[in-house]
Structures are given as structure tokens and as C-alpha cells.
Amino acid sequence: MSTESATTTDGRSQAAITLAELGRELSAVTLGFHAAAAERMGLSGTDHKCLDLAMHSPGPLTAGRIAELSGLSTGAVTGVIDRLERGGFVRRVRDPHDRRKVLVEVTACDDGRHDHIFHGLVEGVAEIVTRYRPEEVEVITRYTRDSIELMRAQIARLHNLS
């Protein structure tokens with residue numbers, strides 16, 4: 001029996017334990033990287049991640065959608081948007097389809113001035129991917145997507161605890 005499929009006395013597989021430990025470690029170093037990147041940009045880690053969500057959205061987002069995507073409360077997101085707006089990273093605009101709604105739109109901060117911060121990461125990920133066969137990349141991609149969905153479900157569960 002391989003260690004990946006071995007079951008512990010409490011019924012969990014060794015593979016699940018190993019992946020949970022690696023996930024925790026990856027989360028910690030990812031948080032560290034983004035905290036350092038945010039600091040270089042003059043942002044907090046939370047503000048940086050919300051800006052990242054807005055930058056990678058196909059269009060402007062509502063504060064509520066940022067809250068959903070980030071797992072933050074709508075009150076916390078209001079403070080994030082205020083700080084990002086003061087820093088010139090985003091602006092609030094009226095929804096052209098519903099003037100009662102306010103959208104958060106990324107400003108010209110996506111002009112490449114922060115690209116140097118992320119260059120090594122982008123290049124590094126590209127190099128890592130070359131180490132795997134296409135079918136392995138598919139499995140890694142599926143695992144990562146499943147993990148993202150699991151975390152989103154856990155965020156929702158925690159928000160709904162009484």
C-alpha cells in the first residue's frame with residue numbers, strides 16, 4: 001500500500017493529510033508574498049487582494065460582489081474601496097443600467113508600473129508548468145479549481161454560523 005492511499009487511524013488518507021499540510025504552507029507563503037507586494041504598492045494585503053479581484057474581473061464590480069469573491073463583509077469592503085479610491089487605484093461609478101447601483105472600476109493603476117513586482121512570480125509559474133506533462137497539468141488544474149470551490153463554500157459556511 002502506498003503512502004498516498006494509506007489510511008490513518010482516524011480514517012483520513014495520508015494523501016489528504018499531506019495535501020492539507022502543503023495547502024496550509026502554500027497559503028502562508030502566498031499570503032507572505034502578497035503582503036510584501038502590497039507593501040511595495042502602498043496597500044494592505046486585504047486591499048491588494050480586493051484590487052486584484054477587481055483587476056481580473058471582466059468589468060466593474062459592485063461592493064457586494066467584491067464581498068462575495070473576497071469573503072469579506074460588505075462593511076469591510078466599503079473601507080477597502082474607500083482606501084483604494086484614495087490611493088487612485090479604483091473609482092466609484094454609477095451603473096449605467098441601474099443608477100441606484102454603484103460599481104467599482106479600476107483606474108489607470110493597471111499601467112504596468114507594478115509589473116516588476118510580479119515578474120518573477122509569473123516567470124516562475126511558467127517554468128514550473130514546463131516540468132509537467134499536459135495530463136498532469138490538467139489534474140493539477142482540476143485539483144486547484146476544486147480547492148477554490150471548497151474554500152468558497154467554507155467561507156460561506158463560516159459567514160452563516162450563528
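The axes of helices α1 and α2 come within 8 Å and cross at roughly 90°, where axes are lines fitted to C-alpha atoms, for helices over the stretch in contact, and angles run from 0 to 180 degrees between N-to-C directions. Helix α1 is therefore roughly perpendicular to α2, a class that covers 65 to 115 degrees, with angles under 35 degrees counted as roughly parallel, over 145 as roughly antiparallel and the rest as oblique. Helices (H or I, at least four residues) and strands (E, at least two) are DSSP runs, numbered from the N terminus. In this packing, H34, A38 and M41 of α1 meet G45, H48, K49 and L51 of α2, contact being defined as heavy atoms within 4.5 Å. The residues of the contact of α1 with α2 comprise three nonpolar, three polar and one charged; Ala, Val, Leu, Ile, Met, Phe, Trp, Tyr, Cys and Pro count as nonpolar, Asp, Glu, Lys and Arg as charged, and the others, Gly among them, as polar.

The model is predicted: local features need pLDDT of at least 70 and side-chain atom pairs count only at pLDDT 80 or more, while totals for chains, interfaces and linings use all residues. Residues are numbered from 1 along each chain as its sequence is written, and side-chain values use heavy atoms, with hydrogens and water left out. The protein chain averages a pLDDT of 88, and 90% of the residues score at least 70, pLDDT being the predictor's confidence in each residue, from 0 to 100. Among the elements of the protein chain, strand β3 (residues 98-106) has the lowest mean pLDDT (89) and α4 the highest (94).

For helices α3 (residues 63-70) and α4 (residues 74-86), the axes come within 9 Å and cross at roughly 110°, so α3 is roughly perpendicular to α4. A63, G64, I66, A67 and S70 of α3 make the contact with T74, V77 and I81 of α4.

The structure holds one aromatic pair. F33 and F118 form this edge-to-face pair, at 5.9 Å centre to centre and 70° between the planes; rings of Phe, Tyr and Trp (its six-membered ring) pair if their centres lie within 6.5 Å, with planes under 30 degrees apart counted as stacked, over 60 as edge-to-face and the rest as tilted. Because F33 lies in α1 (residues 14-41) and F118 in α5 (residues 115-129), the pair ties together parts that are 85 residues apart in sequence. F33 is partly exposed, with a relative accessible area of 27%, and F118 is partly exposed, at 22%; buried means under 20%, exposed over 50% and partly exposed in between (1.4 Å probe, protein chains only).
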